[in-house]
Amino acid sequence: MTLNRFKTIVLAGAASVALLSACGPNPNDNSDTAAQDTVQPIKLETPPAGQLPDTVVPTAYALNLVTDPAADGFTGTAEIQIRLEAPHARIWLHSLDQTIVRAYARLEDGIELDGEFEGNLADGGVSKIDFADPVPAGNSTLVIEYRAPYNFGLAGLYKATQKDRPYLATQMEPIDARRMFPGFDEPRFKTPWTLTVTAPQGNQVIANAPLTGSSQLDNGSVRYSFAPTRPIQSYLVALAVGPYDMREGAALPANTLRATSVPFRGFAPAGKGDDLKVSMDTTDDFVTYQESYFNYPYPYAKLDIIAVPDFAYGAMENAGAIIYRESALLISDRTSLGRRRAILGTHAHELAHQWFGNLVTPAWWNDIWLNEAFATWMSNKTMNSVFADQGYDRASQRGGIGAMSADSLANARQIRNPIERNADINDAFDGITYQKGGHVLSMFESYLGEDAFREGIRLHMKRFEDDAATVDDFMKSVADGSGDTKVVESFKSFIFQPGIPYLQVETECEAPDAGLIRVTQHRYAPLGSEIDADGSTWKVPFAMRIASPAGNTVHREMLTARTTEIPMDGACADWVMPNAAGGYWRFSLSEDNWAALTDNFGSLDVKEQLAFVDSISAAFRAGDAPAGALLDALEASATAEWDVAMASLNRAEGLFNVLPEDQQASMRGWAQATYGPVHEALVARKDTLNQGETLLMQDLYATLLEIGDMQAEREAFAEQAAKLVGVNSDPDPSAVDPALFGTAIKYGARLGGRDFYDAALEYARTTSDQRERRTVLSVLAANTNEAEMADLIKEVQGSDWQGQEAWSVLQSSLNNEANRETAWGLYKASFDNVMPRTPEIRKPQTAGAVGSFCTTEEIAEAKAFFESKKSLIPGYERSLAQAEERGNLCAAFRGSKTEELTTALAERE
Ligand SMILES: [Zn+2]
């Protein structure tokens, strides 16, 4: 699964769920004594918490569904072949939101045993079927006839409407398959699935497996039969029904690993099929690379990629039928370079899951990182292979550095996190799992060597094909494949505990030929943090560049102790770079050593430069580097390779944002002097830029408008924005570079007044580009004037707008710096009205709004508000705790560093 831009994905726990009706004859509930032989039938009395019992194993499913996108719901029959270890008088399973018409067991000799179904007995739709006559040990078939509504919260089999046309699509992961069919909804149960789906003529019907036949029914519907799938878990089952545009792609050709070609098609909402082309054209290159990496052919009988009108996440890797948020797959000539890169990266991620996650599956949700960290890392490798020299070789490192902000919190999750309740499952789909996980994998790949690591992965695929595996299984595969057993303990120290190793590096020089380097590890903690810095140690696969009169060398050592001393033979260090491997750690140095590293910035490679910019910024926030040293380092990195310069700019923007508003002016001149010339130089050779330079040029412009001295440009840009949305004219999308679309709306909203607001809202209402529509709404909310902001918040609560859009306007209004107080008042007043239409997965994230405040009074007041609304946002606890901590860290930083920073800036004027 790929996240969308909302980082923390949390799902409601026991939201309003209709109590299910119990059916089937059961005059005497005496099943405790109903054993027909000497074996006592199994009848677990209390609903299982977490996993279902091991004694009932599903071995195959047949689903027969009758659908109509125009209706409110569907009917289904689930036939589940099961194997029982012993006779069972009661079978526990999952079923949510369904009305069960009949449930019975069909034995191998054809005898039918009626069961009594009772649903919703525990969180997550834990349900039971009781049998007066126990189901005997061995093989039998559970048959459940039911009806269910389409979900309107983008979960299970849900309905979404675009341009008045209804569509059906599925999103099952993690635990919403149980909304579409009753069953054993856990990843360890992998079985073949055979679907039969009826739908009115005129609809496309797409499932995981190839179509085997269709028949016209008397009522105008068509019944489609699909082949059985290869064994997959319930959360990979997919179905899409609706008036989708279809594009037949060239089959993925046979190759040395695969004797047959793979049929390949793309689907998009009606009218948008042409925008599938770029993603479709890239697919064969991606699959070819991944097949060769895994040394294992694409596992499924066909491949469909499907853009759906509305989707809660970025995309979902359903076996053979990948479903995407429309804006995460479709590419038009209005799609910016940055978006194109992100879309193709998502596509590579979902394809990687066909092996990591689908072919080999985590046994339980605590190991979901085995899916997501791997797909993240493999996506970067795939992109680097297909699009060489575009900076993807350090994409996993950049992602991991991005996740360090969340990993700096006392409330950080660990990569492999215990799952104690359903809400924990959804918490597991976050930046720690994806980005930190991907970075940690790239670190161990680099430590073991690419070839040795790949051997471990290939072994793992072969060992666990069509099966489930745990963290220990994976570690054993890596150790066996690479021939290195030591790596396991180090790996585990990064996976089983939260936080960032923070290496304090001191250099000593007793005599010119007797240097010493001392490395002490703590857990990174920013100023104001409650983290116990001495509470953790890691086994760090350390690599440090040392420059001395004897030469420039890289020292490698597995750091296992709190403090490690590294004696130098015959020299003292001139300077050290304590992260020469792009590894997942931060470091701090003495003031002299920071200065020496800045002086030698140009002799570092790009990964080292990225690590340096991150470490010195983090050290400043921890009180371990002076503001002057930080500004020196940001200046040195401003002219470096594009992603290093972007990191530098990003840290500068972070400092600007955390300064109190009346102090921000002190930074504008410095920002303009540091980054303005870089921007001008790129503009001067605009037609010869590579991808990275283009991204940097766009980023510099957008950021300098905000933090630099560019008042004239802001006004000029607002005029272009007015042409874009059509103030007193027809909208002209060509008026603004698509990469700067959101930036244009921002300055239009700030400077353009009511006329701009009206035109922009109309633009959002009529554009067929969903991403533009949502960008307009959220950027307006964060930037427009007080009266327009109030109108907007009211407007999006109307039926013209999706529930997801109303939610995002409300959240974005809190970023409206100029009107924050008004926004917060409107937020609170609108909350009860907006929540019922908010998708389930967004509700708990709502409490994250606390993190947009930076004074202790505001934070406390916001926290109290969300606690008073807890019944509307179940599962909100982690989101609230992290947001409160972010707010408090912001306040602590302001309190302790504002003066030092503004003084250092003043010294440079
Ligand atoms: Zn994923």
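This report walks through a predicted model, from its zinc site to its sheets, cavities and backbone details.

## Ground rules

The model is predicted, so local features need pLDDT of at least 70 and side-chain atom pairs count only at pLDDT 80 or more, while totals for chains, interfaces and linings use all residues. Residues are numbered from 1 along each chain as its sequence is written, and side-chain values use heavy atoms, with hydrogens and water left out.

Helices (H or I, at least four residues) and strands (E, at least two) are DSSP runs, numbered from the N terminus.

## The zinc site

The zinc ion is held by M1 (N), M1 (O), H349 (NE2), H353 (NE2) and E372 (OE). Donors here are N, O and S atoms within 2.8 Å of the metal (3.2 Å for Na, K and Ca); water is not among the atoms, so sites may look incomplete.

Along the chain, the donors of the zinc ion follow the spacing M-x347-H-x3-H-x18-E. Distant parts of the chain are linked by the pair M1 and H349, 348 residues apart. M1 sits in the segment before strand 1 (56–66), and H349 in helix 3 (residues 337–353). Both M1 and H349 are buried. Buried means under 20% relative accessible area, exposed over 50%, and partly exposed in between (1.4 Å probe, protein chains only).

An open sheet of 10 strands runs in the order 3-6-5-4-7-2-1-10-13-12, with mixed pairing. Strand 3 (88–94) and strand 12 (211–216) stand at the edges. Each has a single partner strand, so one side of each is left without a neighbour in the sheet. On average, neighbouring strands of this sheet are turned by 20 degrees against each other, direction ignored. Such angles use axes that are lines fitted to C-alpha atoms, for helices over the stretch in contact, and run from 0 to 180 degrees between N-to-C directions.

Two strands pair if DSSP finds at least two bridges between them. Strand 2 (residues 73–84) and strand 7 (residues 138–149) run antiparallel, joined by 12 bridges. I82 stands opposite S140 in strand 7. Strand 7 also pairs with strand 4 (residues 99–107), antiparallel, over eight bridges. There, A105 has L142 as its bridge partner.

Strand 4 pairs with strand 5 (residues 112–122) as well, antiparallel, over three bridges.

Strand 17 (residues 303–308) and strand 19 (residues 321–325) pair in the parallel sense over five bridges. D304 stands opposite A321 in strand 19.

## Strands 8 and 9

Strand 8 (residues 156–162) and strand 9 pair antiparallel over seven bridges. A160 has Y167 in strand 9 as its bridge partner. Two residues lie between the strands of this hairpin, where K163 takes a positive phi near 50 degrees. Five of the seven residues of strand 9 (residues 165–171) are buried, so strand 9 is largely enclosed by the rest of the structure.

## Cavities

The model has five cavities of 30 Å³ or more. On a 1 Å grid over the protein atoms alone, a cavity is a set of points where a 1.4 Å probe fits but cannot get out; lining residues have an atom within 4 Å of a point. Grid points are joined across faces, edges and corners, and a volume is the space filled by probe spheres set on the points.

The largest cavity holds about 60 Å³. Its lining includes F356, H460 and F474. Strand 20 (360–362), helix 4 (369–386) and helix 8 (450–463) each supply at least two lining residues. Strand 20 gives the largest share, three residues.

## Backbone details

The peptide bond from E173 to P174 is cis, with omega near 0 degrees. P174 lies in the loop between strand 9 and helix 1 (177–180).

N120 is not a glycine, yet has a positive phi of about 60 degrees. N120 is in strand 5 and is partly exposed, with a relative accessible area of 25%. L154 also has a positive phi, near 65 degrees. L154 lies in the loop between strand 7 and strand 8 and is buried, at 6% relative accessible area.

Conventions:
On a 1 Å grid over the protein atoms alone, a cavity is a set of points where a 1.4 Å probe fits but cannot get out, and a pocket is an open set with protein on both sides within 12 Å along at least five of seven lines; lining residues have an atom within 4 Å of a point.
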